[in-house]
Structures are given as structure tokens and as C-alpha cells.
There are 2 protein chains.
Amino acid sequence: MKKVKVYVTLKEGVLDPQGKAVEGAMHRLGYPEASGVRIGKFIEFAMTDDACSDQNIRELCEKLFANTVIEEFRYEVEEVTSP
Amino acid sequence: MKKVKVYVTLKEGVLDPQGKAVEGAMHRLGYPEASGVRIGKFIEFAMTDDACSDQNIRELCEKLFANTVIEEFRYEVEEVTSP
């Protein structure tokens, strides 16, 4: 069994209104030093070893998790050690 | 200047309907091997060195980024090397 962690973020240059809103909130909370806030998604799932190929994970990312026009993704695969 | 990356995820045991929906979509896409899908948030921002204490980041996470009743968070701080 493998654990897959996918991180989806907006591409550089794509406007992030949600990030801008959070940045405003950080400034109001007393942190005017914060800048360049970007919000992304984090998806975690388990997958059987044989299905967990790079090709399969890329397909899932491109078809399901990320809108590749405006978003980019990266992923990590971890071995799950069952006791 | 530091770059902070915050990962917010639902606590174990908290129902994740969005994850369940994505899991269904993965099965329909031809990946019935996927299980335990959990969706989280990923927040990235820049912070000046002096403001970037553990205490400050924890405060931001607890007050702004995460709902600590149902969510947990972890964060990484990276040095930004400006050219």
C-alpha cells in the first residue's frame, strides 16, 4: 500500500483573490509583514502498490485534481508500513 | 525573508464529504484501488525574518488558517535566498 500526497497550487502570474483576502486578514490580525499569500489544495489518498505508477498518478492529477490551465501540481508517494 | 508553507488537514475521524466525492470520481475514472481520500488546504506566504517566529506562525494558524476543533495543521519555514 502506498500513500500519495498531491499539492495543487495556482500557477505563477494567476491572480489569487482568496490569497489576497487572507493576506488582508493577516494584516488586520497584526502581521503587516506577510506578503504573497497563495492558497492551494492538498489531497491525500491510499493506493495499492500495483496501481500506484507515475503515469496513473499524473493522469489523476491532470484529469481530476488540477485544472492544468491555471494550476500546477506536485506529488509525493510514501510507502505505508502496516504493522 | 522567509517562506512559510502551512498544511491544514481534517483531524482523523472527522468526516470528509469532499474527499468521499473525489474518491467516487477516482473510482469512476478507473481507479477503484484508491481509498481514504482526504482533502486539505495548503497556504504559502512570505514573511520578514523578524516576524517569522514559531509563536507568530502558530497564532496565525490557530486564529486564521485552521479551525482547530476539526482541523490540524503543520508548517515548514524555508529561507528565501534573494539573488
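User: By what turn can chain B be laid on chain A?
Analyst: In this predicted model, local features need pLDDT of at least 70 and side-chain atom pairs count only at 80 or more, while totals for chains, interfaces and linings use all residues. Residues are numbered from 1 along each chain as written, chains are lettered from A and ligands numbered from 1 in written order, and side-chain values use heavy atoms, without hydrogens and water. With least-squares superposition on C-alpha atoms of residues with pLDDT of at least 70 in both copies, the RMSD is 0.0 Å and the shift along the axis is 0.0 Å. The turn is 180°.

User: Which relation is that?
Analyst: The turn of 180° comes with a shift of 0.0 Å along the axis. This is therefore the relation of a two-fold axis.

User: In chain B, which residue has the C-alpha nearest the axis?
Analyst: The distance of that C-alpha from the axis is 2.4 Å. The residue is B:Lys41.

User: Which surface do the copies meet through?
Analyst: Of the interface residues of chain B, 100% are also interface residues in chain A. The copies therefore meet through the same surface.

User: Is A:Val6 buried or exposed?
Analyst: A:Val6 lies in strand 1 (residues 2-10) of chain A, a strand being a DSSP run of E with at least two residues, numbered from the N terminus. Buried means under 20% relative accessible area, exposed over 50% and partly exposed in between, with a 1.4 Å probe and protein chains only. The value for A:Val6 is 0%, so this residue is buried.

Note on methods. Contact means heavy atoms within 4.5 Å. Helices (H or I, at least four residues) and strands (E, at least two) are DSSP runs, numbered from the N terminus.
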